[in-house]
Amino acid sequence: MHHDDSWGPLPPRPTFSLLIRFVLTVLLLPLWWALIVVIFLGFIAFGIVAEILTVIPGFEKGFLGLIDKFGDSVQIWPAWCVTLPELRHEGDAAFYRARVDKRVAGWTAKELAAQKAKKAPPPGPHDIPVREYRGVGAGYVVEAARARGWELSHDRHSDPLRVVRLRRLPVTG
């Protein structure tokens, strides 16, 4: 399927390193979330005041573009954080297999429910970050997804060391 080792399981991280990252996560993640909320509220406050500036051509489009870029670049769970389940199950392939299967099954259920109700499917992107598949590798994500009617996204490429991006195969009807 894939010819390089980056699609395989990542090596387990040292326990001491994970423990330090876990402690830093407990201390810094609430501050990270508070910073995100403050910046978001700042955007809202500026948007209310800047309503006057919408008479300038292109201002509103530029401001909305800035908010979109902020939303796309900020992660709720940054790559540096380590959660308690990750700390406890580092290197446990069964744990990561279950995480991937649960994520893909959830998306599949939502897609099938929308299809059954003849509604539009939930919007993408359908990304699985490395924290979800670290112990089994990106190759397993692709195999599990293909078994449920998904494939790698062609318009947004995957980086197996960071994220796998999936799209639902078209339903033939």
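Author: Let us begin with a term: contact means heavy atoms within 4.5 Å. By that rule, and leaving aside its neighbours within four places in sequence, Glu132 is in contact with Tyr96, Arg99, Val100 and Arg103. This is a predicted model, in which local features need pLDDT of at least 70 and side-chain atom pairs count only at pLDDT 80 or more, while totals for chains, interfaces and linings use all residues. Residues are numbered from 1 along each chain as its sequence is written, and side-chain values use heavy atoms, with hydrogens and water left out.

Reader: Why is Glu132 called buried?

Author: Buried means under 20% relative accessible area, exposed over 50%, and partly exposed in between, with a 1.4 Å probe and protein chains only. Glu132 has a relative accessible area of 11%, and therefore counts as buried. Glu132 is found in helix 5, where helices (H or I, at least four residues) and strands (E, at least two) are DSSP runs numbered from the N terminus.

Reader: What makes the pairing of the Glu132 and Arg103 side chains a polar contact?

Author: A polar contact is a pair of N or O atoms within 3.5 Å; within protein, one must be able to donate a hydrogen and the other to accept it, and residues adjacent in sequence count only if both atoms are side-chain atoms. The side chains of Glu132 and Arg103 make such a contact at 3.3 Å.

Reader: How do you know that Arg165 is buried, and what does its side chain reach?

Author: Its relative accessible area is 19%, so Arg165 is classed as buried. Arg165 lies in strand 3, residues 163-168, and its side chain reaches the backbone oxygen of His157 at 2.8 Å, while a polar contact of 3.4 Å joins it to the side chain of Asp127.

Reader: What makes a group of residues a nonpolar core?

Author: A nonpolar core is a set of buried Ala, Val, Leu, Ile, Met, Phe, Trp, Tyr and Cys residues joined through side-chain atoms within 4.5 Å. The largest one here has 20 residues, and those with the most contacts inside it are Val100, Ile128, Tyr133, Val141, Val164 and Leu166. Helix 6 gives the largest share of this core, 6 residues. Leaving aside its neighbours within four places in sequence, Val141 is in contact with Val100, Ile128, Tyr133, Val164 and Leu166.

Reader: Why is helix 6 described as largely enclosed by the rest of the structure?

Author: Because 7 of its 10 residues are buried, helix 6 is largely enclosed. What covers those buried residues includes helix 4, strand 1, helix 5, strand 2 and strand 3.

Reader: Why are helix 1 and helix 2 called roughly antiparallel?

Author: Axes are lines fitted to C-alpha atoms, for helices over the stretch in contact, and angles run from 0 to 180 degrees between N-to-C directions. Angles under 35 degrees count as roughly parallel, over 145 as roughly antiparallel, 65 to 115 as roughly perpendicular and the rest as oblique. The axes of helix 1 (residues 15-49) and helix 2 (residues 59-73) come within 12 Å and cross at roughly 170 degrees, and the two helices are therefore roughly antiparallel to each other.

Reader: Is Lys118 buried or exposed?

Author: Lys118 has 77% relative accessibility, so it counts as exposed. Lys118 is found in the loop between helix 4 and strand 1.
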